[in-house]
Amino acid sequence: DAYRQRAAADDTNSFTWLADDPTTAGAGGFGGEDRGVPGADTVLAGLPVAIKDLFCITGVPTAACSNLLRGYRPPYTATVVARLQEAGATILGKTNQDEFAMGSSNENSAFGPVRNPWDRSRVPGGSSGGSAAAVAAGLAPVALGTDTGGSVRQPAALCGVVGLKPTYGTVSRYGMIAFASSLDQAGPISRTVADTALLFQHMTGPVDPRDATSIGWGGADELGLPTAERLDGLRIGVPVELLGEGVEPGVRAAFDAALRRAEDLGAEVTDVALPHARHALAAYYVLAPAEASSNLSRFDGVRYGNRVDADDLVSLYTRTRHDGFGPEVKRRIMLGTFALSSGYYDAYYGRAQQVRTKIVEDFRAAHEQVDLIATPTSPTVAWKLGERVDDPLAMYQADTSTLPFSLAGVPAISIPCGLSEGLPVGLQLSGPVFSEQRILEAAHALE
Ligand code: GLN
């Protein structure tokens with residue numbers, strides 16, 4: 001009730017929908033059984049979770065913050081949400097995001113921008129901006145976001161909270177509206193590393209037969225809650241490639257201070273090379289739009305969401321998509337369709353795939369030398385609303401530090417590591433695939 005009252009009085013536009021009764025919201029999904037009010041003996045009993053609008057929940061408005069899906073109520077629930085419900089969690093509401101998770105500032109939402117609770121004239125980051133802002137403002141104790149190229153880590157950094165992008169495949173994508181399927185992962189957002197670990201335990205588990213890329217891993221048996229207070233013997237690598245121009249001096253100072261704290265706790269900090277990381281942005285903005293152009297072809301006015309009627313089928317498709325999609329989504333579909341068209345496929349998509357492989361190899365080589373890799377999560381602190389909306393390239397550059405890790409499929413966390421000009425700075429810590437426990441322990445010690 002306390003969180004419901006706070007969320008109802010929200011002045012950051014973090015929520016797109018609030019449950020009347022969180023304990024029964026979404027009941028009846030996932031196989032059709034009505035799970036009713038969770039028992040008091042379950043691990044997350046009664047815990048209200050704010051859920052990004054990208055996750056389908058039975059009977060609950062789910063629009064991915066797009067006009068195309070406004071009013072859509074799915075007949076099923078995303079596996080990750082169902083798993084949290086089975087552990088006793090309840091659904092506080094749906095949170096604002098960039099349309100179909102495309103963006104870095106939450107300004108591409110059909111439900112309007114979210115305001116950063118630290119300074120309401122600034123963006124919260126994106127695309128999981130509503131989830132990060134809701135947790136930062138104390139409107140929800142924990143939230144679910146999704147991360148394709150940085151969308152959990154970057155808003156967590158800009159809002160001064162914790163956000164984890166898990167190893168690709170560890171969390172089922174079933175029921176999460178697809179953006180770029182080879183990159184999309186759900187991730188927890190919270191105020192503390194322990195809360196992120198607790199949520200992650202219950203998001204993972206056995207293989208989900210409904211997601212062919214899901215890996216049976218994690219769960220409370222395999223993942224413990226972090227307790228580390230020291231970092232003795234831990235080797236942390238700092239990639240010079242991600243500390244170049246564009247990193248604000250105040251961000252750099254907070255990052256350097258975090259590295260010194262790590263050394264004080266016993267870690268050994270060295271340089272590490274990621275020679276192809278500087279190509280990640282270019283490769284991502286070919287690959288992600290290519291996958292998006294294919295995934296979003298299902299929104300044709302026939303099967304899902306809103307339809308603009310027309311006299312013939314092709315006009316029905318084009319008018320539905322013309323009216324339903326916002327400008328950034330259209331830009332991505334055009335970019336992706338172009339990159340995949342015959343004659344250009346090898347030059348763009350094929351080439352970007354090769355770059356992705358080089359980046360994966362860079363990470364493998366780096367992890368022969370170090371246990372974890374550290375960077376600032378975002379090169380800048382939260383910027384002013386409107387400042388980058390007319391400059392897509394400047395917006396895309398917000399992701400330079402998070403994208404290489406996404407392309408490599410490795411886990412990465414962002415934790416707060418100080419302030420610059422009174423605004424939060426995030427520290428990104430990453431490790432090899434399935435090293436979540438190591439990352440969470442290190443993050444806990446540094447928190
Ligand atoms: N900002 C990046 C983009 O616009 C990443 C988004 C995400 O991770 N969903 O594609």
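Asparagine 13 sits in the loop between helix 1 and strand 1 (15–18), where helices (H or I, at least four residues) and strands (E, at least two) are DSSP runs numbered from the N terminus. This is a predicted model, in which local features need pLDDT of at least 70 and side-chain atom pairs count only at pLDDT 80 or more, while totals for chains, interfaces and linings use all residues. Residues are numbered from 1 along each chain as its sequence is written. Asparagine 13 is not a glycine, yet its phi is positive, at about 60 degrees. Most residues other than glycine have a negative phi, and most peptide bonds are trans. Asparagine 13 counts as buried because it has 20 C-beta neighbours inside 10 Å. With C-beta atoms placed from the backbone, buried takes 20 or more other C-beta atoms within 10 Å of the residue's own, exposed takes 12 or fewer, and partly exposed is in between.

Arginine 6 has 15 other C-beta atoms within 10 Å, so it is partly exposed. Setting aside neighbours within four places in sequence, arginine 6 is in contact with Gly138 and Leu139; contact takes C-beta atoms, placed from the backbone, within 7 Å of each other.

Now for helix 3 itself. Helix 3 (residues 129–136) is largely enclosed by the rest of the structure, because 8 of its 8 residues are buried. Among them are Gly129, Ser131 and Val135. The loop between strand 3 (90–95) and helix 3 holds serine 127, and a cis peptide bond joins glycine 126 to serine 127, with omega at about 5 degrees. Alanine 101 is in the loop between strand 3 and helix 3 as well. Its phi is positive, about 70 degrees, although alanine 101 is not a glycine. With 30 C-beta neighbours inside 10 Å, alanine 101 counts as buried.

Alanine 101 also shows up at the ligand: 13 residues surround the ligand, and the closest are Ala101, Ser104, Thr148, Gly149 and Ser151. Here, near means a C-beta atom, placed from the backbone, within 6 Å of the molecule or strand. This shell divides into 4 nonpolar, 7 polar and 2 charged residues. Ala, Val, Leu, Ile, Met, Phe, Trp, Tyr, Cys and Pro count as nonpolar, Asp, Glu, Lys and Arg as charged, and the others, Gly among them, as polar.

What about the nonpolar interior? A nonpolar core is a set of buried Ala, Val, Leu, Ile, Met, Phe, Trp, Tyr and Cys residues joined through C-beta atoms within 7 Å. The largest one has 130 residues, and Val49 and Ala140 have the most contacts inside it. Helix 8 supplies the largest share of this core, 9 residues. Not counting residues up to four places away in sequence, valine 49 touches several residues, including Leu84, Ile91, Ala140 and Leu144.

Helix 8 (residues 280–295) also meets helix 10 (residues 327–340): their axes come within 7 Å and cross at roughly 100 degrees. The two helices are therefore roughly perpendicular to each other. Axes are lines fitted to C-alpha atoms, for helices over the stretch in contact, with angles from 0 to 180 degrees between N-to-C directions. Under 35 degrees is roughly parallel, over 145 roughly antiparallel, 65 to 115 roughly perpendicular, and the rest oblique.

Technical notes: Two residues are in contact if their C-beta atoms, placed from the backbone, lie within 7 Å.
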